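Please keep the sequence and the coordinates in view while reading.

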Amino acid sequence: MAAVAVPLQGLRRLCRVLLFLSQFYILSGGEPSQPLAQSVKDPGPTRTFTVVPRAAESTDIPPYVTKCPSNGLCSRLPADCIECKTNFSCVYGKPVTFDCTVKPSVTCVDQDFKSQKNFIINMTCRFCWQLPETDYECSNSTSCMTVSCPRQRYIANCTVRDHIHCLGNRTFPKMLYCNWTGGYKWSTALALSMQVQLGVHRKHPEHH
């Protein structure tokens, strides 16, 4: 009986060793833990995010704003400060009204000092080049250096004054008389020239 008990005890020890080894194998990363290992190795598709910088807001002030008085009457704003729905079907020389709107960054008021964007202006139906000479300014010529009769003409670039309203382009070419010569106004230069000629004639009278 003693001889039979010894093999049984050895078999039990072997079973315990095999059970321990199987548990150790499982805990140390055997097949049951492979799905977990696979999920760690393959995290799946990654998402990328692109940061788009925000566009900077423009703070530039339009150049025409310097000509526009702030909080003044809309009807008295210079032409550069407003946009009007004009038409060329009006009768020349007759009064006409046009619907106007202030340009961006321009502030003005009505007769009751209330802020206003849309208003009406009254003007005379005529093109800018048909205005009286007092309503526009023209460039001077630098090539009129001699006194001549009849008076010479030159092509000037003329610009309508800010507070004047008219149809068409506010800058236009125009033929003007040459009014300056050698630093003198034409009339002054002509008078000086005549005085010189008279003085020479008196010094050297003709002999008959």
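Which residues of strand 5 make up its covered face, and which its uncovered one? The covered face consists of Phe119, Ile121 and Met123, whereas Asn118, Ile120, Asn122 and Thr124 form the uncovered face. In a regular strand the side chains alternate between the two faces of the sheet. Strands here are DSSP runs of E with at least two residues, helices are runs of H or I with at least four, and both are numbered from the N terminus.

The model is predicted, so local features require pLDDT of at least 70 and side-chain atom pairs count only at pLDDT 80 or more, while totals for chains, interfaces and linings use all residues. Residues are numbered from 1 along each chain as its sequence is written, and side-chain values use heavy atoms, with hydrogens and water left out.

Two strands are taken as paired if DSSP finds at least two bridges between them. Strand 3 (residues 95-102) and strand 5 run antiparallel and are joined by 7 bridges.

Most residues other than glycine have a negative phi, and most peptide bonds are trans. Asn71, although not a glycine, has a positive phi of about 60°. This residue lies in the loop between helix 2 (34-41) and strand 1 (72-73), and Asn71 is exposed at a relative accessible area of 52%. The accessibility classes are buried (under 20% relative accessible area), exposed (over 50%) and partly exposed (in between), with a 1.4 Å probe and protein chains only. Phe113 also has a positive phi, near 60°. Its place is the loop between strand 4 (108-109) and strand 5, and with 68% relative accessibility Phe113 counts as exposed.

How many salt bridges are there? The count is 2, under the rule that a side-chain nitrogen of Lys or Arg lies within 4 Å of a carboxyl oxygen of Asp or Glu. One joins Asp80 and Lys67, with an N to O distance of 3.0 Å. Asp80 lies in the loop between strand 1 and strand 2 and Lys67 in the loop between helix 2 and strand 1, so that parts of the chain 13 residues apart are linked. Asp80 is partly exposed at 24% relative accessibility, and Lys67 is partly exposed at 40%. Another salt bridge joins Glu137 and Arg161 at 2.7 Å, N to O. Because Glu137 is in strand 6 and Arg161 in the loop between strand 7 (153-160) and strand 8 (171-177), this pair ties together parts 24 residues apart in sequence. Arg161 is partly exposed, at 30% relative accessible area.

A pair of aromatic rings is described by the distance of the centres and the angle of the planes. Rings of Phe, Tyr and Trp (its six-membered ring) pair if their centres lie within 6.5 Å; planes under 30 degrees apart count as stacked, over 60 as edge-to-face, and the rest as tilted. The whole structure holds 2 aromatic pairs. The ring centres of Phe88 and Phe127 are 5.3 Å apart and the planes stand at 50°, so this pair is tilted. Phe88 lies in the loop between strand 2 and strand 3, and Phe127 in the loop between strand 5 and strand 6, so the pair ties together parts 39 residues apart in sequence. Phe88 is exposed at 56% relative accessibility, whereas Phe127 is partly exposed at 31%. Tyr136 and Phe172 form an edge-to-face pair, with 5.4 Å centre to centre and 75° between the planes. Tyr136, in strand 6, and Phe172, in strand 8, are 36 residues apart, and both are buried.
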